[in-house]
Amino acid sequence: MKILLMGPPGAGKGSQSERLVKDFDLTSISTGEMFREAYKNGEPLGIEAMKYIERGELVDDDITNEIVCKRLLRKDAERCFLLDGYPRTVKQAEALDDMLEKMNSRLTAVINITVDKVAILERMIGRRVCKRCSATYHLSFKPTKVDGICDKCGGELYQREDDQLESVRNRLNIYETKTNPLINYYDNRGILRNVDGMQSFNAVYEDIKHALEDIT
Ligand code: AP5
Ligand code: MG
């Protein structure tokens, strides 16, 4: 399975991908995670990317395409992968098509998680992420057992730099103009399914599984 998980910021892509990756033994490829990891490790790529991320802007297409290309060439992405947050522009989608074609491969399914704007704001303002293992929580919808401490690894939780209101607004606008057109791009190929992200974590997960069965 070669899956792309789409949806606006805060739709639940990362939360659902944590489970899908485990249950279906997929290689997770999240450009947002890759940029944050590079920043945490003090790599020049991460420091450059964080300038855009903090403001809620997209990182340059060429930089992003290059890191994805390198990642897709690694052995563990040969058979199955789950893309989260890439592609985000038509230029990136075309670059991905080229990369996959050269590898004699193609996307098998695109899942688009839909969520309304009020819920997005609520989800992002309350989101907390583990500094160590990147597990995602929510102050109200998915609280940790001990306040501020990750249930999985005991790491400290933090609020993402781009979860400030101004940055969230920017990300939503950019999603509408640059990423939304990709829905038609993939729908025209017959491999896209919409999933209602306004349901509980489990209900969204079940719908994604059904959608995948339907396509593959
Ligand atoms: P990225 O990390 O990809 O962020 P995003 O797309 O904005 O999406 P989020 O991670 O914010 O949300 P999510 O859908 O994963 O939701 P989550 O599961 O966490 O990208 C960050 C930045 O990196 C970009 O803005 C850009 O600058 C740069 N970047 C990344 N990729 C790029 C690219 N391809 N090109 C250029 N730049 C790029 O859930 C959110 C919250 O809601 C959590 O607290 C969760 O617990 C809660 N929640 C989830 N599901 C539910 C539910 N069903 N019910 C209740 N609460 C829920
Ligand atoms: Mg995410």
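Contact is defined as heavy atoms within 4.5 Å. The structure is a predicted model, in which local features need pLDDT of at least 70, side-chain atom pairs count only at pLDDT 80 or more, and totals for chains, interfaces and linings use all residues. Residues are numbered from 1 along each chain as its sequence is written, and side-chain values use heavy atoms, with hydrogens and water left out.

Helices (H or I, at least four residues) and strands (E, at least two) are DSSP runs, numbered from the N terminus. Helix H4 spans residues 61-72. Its twelve residues reach 16 Å from first C-alpha to last, close to the 16 Å expected at 1.5 Å a residue (1.5 Å times one less than the number of residues). Asp61, Thr64, Asn65, Ile67, Val68, Arg71 and Leu72 are the buried residues of H4 (under 20% relative accessible area, 1.4 Å probe, protein chains only). They lie on the same side of H4, because they cover an arc of only 165° around the axis (taken from the directions from the helix axis to the C-beta atoms). These buried residues pack against strands E2 (27-30) and E3 (81-84) and helices H2 (31-40), H3 (44-55) and H5 (90-102).

Strand E5 (residues 127-130) is covered on both faces. Arg127 and Val129 are buried on one side, Arg128 and Cys130 on the other. E5 runs antiparallel to strand E6 (residues 136-138), joined by three bridges (strands pair if DSSP finds at least two bridges between them). Arginine 127 stands opposite histidine 138 in E6. Five residues separate the strands of this hairpin, where serine 134 takes a positive phi near 70°. E5 also pairs with strand E7 (residues 157-158), in the antiparallel sense, over two bridges. There, cysteine 130 stands opposite leucine 157.

Technical notes:
Chains are lettered from A and ligands numbered from 1 in the order in which they are written. Buried means under 20% relative accessible area, exposed over 50%, partly exposed in between (1.4 Å probe, protein chains only).
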